[in-house]
Amino acid sequence: MSDVVDPPLSDTVLELLRSRVRGPVVGALDDGWDTSRRAWHSGVDQQPAAVAHVADAADVEAVVRFAAEHGLRVAAQPRGHGATQHLDGAVLVRTGDLDEITIDTAARTARVGAGVAWQELCDALDGTGLVALSGSNPSVTVVGLMLGGGLSWFGRAFGTPASSLLAVDLVDATGVARRVTADSDPDLFWALRGGGGDFGVVTAVEFALHPAPALYGGRISFLGEHAPQVMPAWAELTRTAPHELSSWLLLAHMPDLPQVPEPLRGRSFVNVDLMFVGSPDAAEALLAPLRAAAPAVRETVRVLREPEIVSIAEEPTEPGPPMRAVSHPFDELTDDVVDHVLATAGVGSGTPIMGLQMRHLGGAQAAADPATGPGAQIRPGFVLSAMAPVFDPETAALVDEALAALVAPVPRSEHGLGLTFLQEEQPIEDAYGPEALIRLRDVKRAVDPAGVFRSNHPVDTGPAQAGRP
Ligand SMILES: Cc1cc2nc3c(=O)[nH]c(=O)nc-3n(C[C@H](O)[C@H](O)[C@H](O)COP(=O)(O)OP(=O)(O)OC[C@H]3O[C@@H](n4cnc5c(N)ncnc54)[C@H](O)[C@@H]3O)c2cc1C
C-alpha cells in the first residue's frame, strides 16, 4: 500500500459507497489499493478518491448517484493505457467485469461490454470472415479505443472505429442507464463517436462489423543498418498502396541491457508491419519492391486469422519503464522527411529514442464525413510516434530534446488524430478542429452541467466544469 496519510474519503463515506455497489470498492487504506489504482503506464501515479470494480450497469448507476450526492467526479478507466493525471480525485470506475460479447454474423454487428479487450473480441470473431476495426494492441479495450476515435489496422479500408458505432449504453450524469443512438440523442451520439469519456460511463457498445474474407499480414524485419534502403522503399509503397493495404514502419533500437534477449541486445531493426484485406498474391505483388530493398532477417507475414490481428505489431501487453513519447501527425512523407528521420534517429545517430513508428493513414478514414462524429474523420496522411524510457531527470532532458528535434522539421498536419494518440501534455485543441471542439463543449454542458464525469482528456476545463475535486 502507498503511504497515504490523509485518505481522500472518510471511512463512513467509503462504507456508504460500498453498501450501494455490488462489486468491490477499494479505498486508499485497503489492501489492493496500489493494484486497483494502477494505470497501464508506470509513469502515471494516479490518485483517485476510490476505485469501484463495477459488477453491472446498476453498479455504475449507484456510483454516479453517490458521486453526484457527494460532490465527487466519476472517471471510467478500463485498463489505463491512456491514463493521465486528470483523473486524480475522481471515483475510478473499473469495467473489467462488463465482459459481454455478442456477435450477430447475419446483421454484421457486435455488442460488447465496457471491459472487453480487443484480443477477446478478435478471438470471438475467429472464423466469421468479419472484422472489427481494431488497433494494434490486444489489451486495449474496445470501448476505450472507440470513444477516442481510434487508429485502426482497418482505418484505410473501412474508416475509424468510432464511426462504426451504432448504439451506446451509458449511465448519464443523473445516474440513469440509457441507450443512446443517432435517433434518440443526435448530439450526444455524435459526441460519443470520438469525443472520449466526458459524457457518461459507457457500459456497452454496439457497432458494425466489416466483411474481410481474406486477411494477409505480419511483420518483415530488416537490420537497422538497412534503414536507408528500406525507408524510401516503404515511403514509395505508401504512395501507391490501395486502401486495402495498411503498413507501418518501426525503427527499433534495442537497449544494451541484460533484460533484452542476447540476439537482439544492443541491435537496431527496421520493421514493416502490414495488414492487407485480400489475397496473398495481390499483397505480394505490392510488396515486391520493398522486399527487393534489403534482405529480411525475420518475417511473420502470413494468411491471418482474426485473433492474430492484434499481435502483428508485437506490442507489449504489460507496461515497461516510465516513457517519454511524442505523437506527430503529418501529411506527406517526402524524401526530406525520410532523410531527416534517418539522420536524427537512424543507426549511428546516437539517438536515445528507442522506438520510432510511422503509421500510414489516409484512405476511408480521411474521406469520412466529419458530421458523423468528432472521431469519424482522420485526415493526416501519417502519424510519427516516438518514445524512449526515462530513468532519471538527466535522461528525461536528453530524451525530450531528441523527441523535439525529431518532430520539429516535419510539418505538422493542421488536422488532429482524435484522442487515442494524444499525449498528456498536449492540449485538447491538438485532437480536434475548432468547430468540433465547440460542439463537444456544448454537448458536455448540456448533458453534464455539473461536471460529474472526467475524461483522461477533458473537452472542457473551464470554470463551469471546475467545481469538483
Ligand atoms: C501499447 C499501446 C498501443 C496502442 N495502440 C493503439 C492503436 O493501435 N490505435 C489507437 O487508436 N490507440 C491505441 N492506443 C491508445 C489507446 O487506444 C488509448 O490509450 C485508449 O485510451 C484506450 O485504452 P484503454 O482501453 O486502456 O482505456 P483507458 O486508458 O482505461 O481509458 C481511457 C479513457 O477512455 C474513456 N473511457 C474508457 N472506457 C470508458 C467507459 N466505459 N465509459 C466512459 N469513458 C470511458 C475515459 O475517458 C478514459 O479516461 C494504444 C495504447 C498503448 C499503450
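Leaving aside neighbours within four places in sequence, which residues is Trp153 in contact with?

Guide: This is a predicted model, in which local features need pLDDT of at least 70 and side-chain atom pairs count only at pLDDT 80 or more, while totals for chains, interfaces and linings use all residues. Residues are numbered from 1 along each chain as its sequence is written, and side-chain values use heavy atoms, with hydrogens and water left out.

Trp153 is in contact (heavy atoms within 4.5 Å) with Ser134, Gly135, Ser136, Ser246, Trp248, Asp273, Leu274, Met275, Ile309 and Ile312, its neighbours within four places in sequence being left aside. Trp153 sits in the loop between helix H5 (142-147) and helix H6 (155-158). Helices here are DSSP runs of H or I with at least four residues, and strands are runs of E with at least two, numbered from the N terminus. Trp153 counts as buried because its relative accessibility is 1%; buried means under 20% relative accessible area, exposed over 50%, and partly exposed in between, with a 1.4 Å probe and protein chains only. From Trp153 to Glu244 the sequence separation is 91 residues, and the C-alpha to C-alpha distance is 9.8 Å.

His210 belongs to strand S11 (residues 210-211). With 16% relative accessibility, His210 also falls under the buried heading. Not counting residues up to four places away in sequence, His210 touches Gly129, Leu130, Val131, Leu133, Phe158 and Ser164.

Elsewhere, four strands make an open sheet with mixed pairing, in the order S1-S2-S4-S3. Its edge strands, each pairing on one side only, are S1 (25-26) and S3 (74-76). Two strands pair if DSSP finds at least two bridges between them. Strand S2 (residues 50-53) and strand S4 (residues 91-94) are parallel partners over four bridges, and Ala50 has Val91 in S4 as its bridge partner. Helix H3 (residues 57-69) packs on this sheet, touching S2, S3 and S4, and its direction makes about 150° with that of S3. For such angles, axes are lines fitted to C-alpha atoms, for helices over the stretch in contact, and the angles run from 0 to 180 degrees between N-to-C directions.
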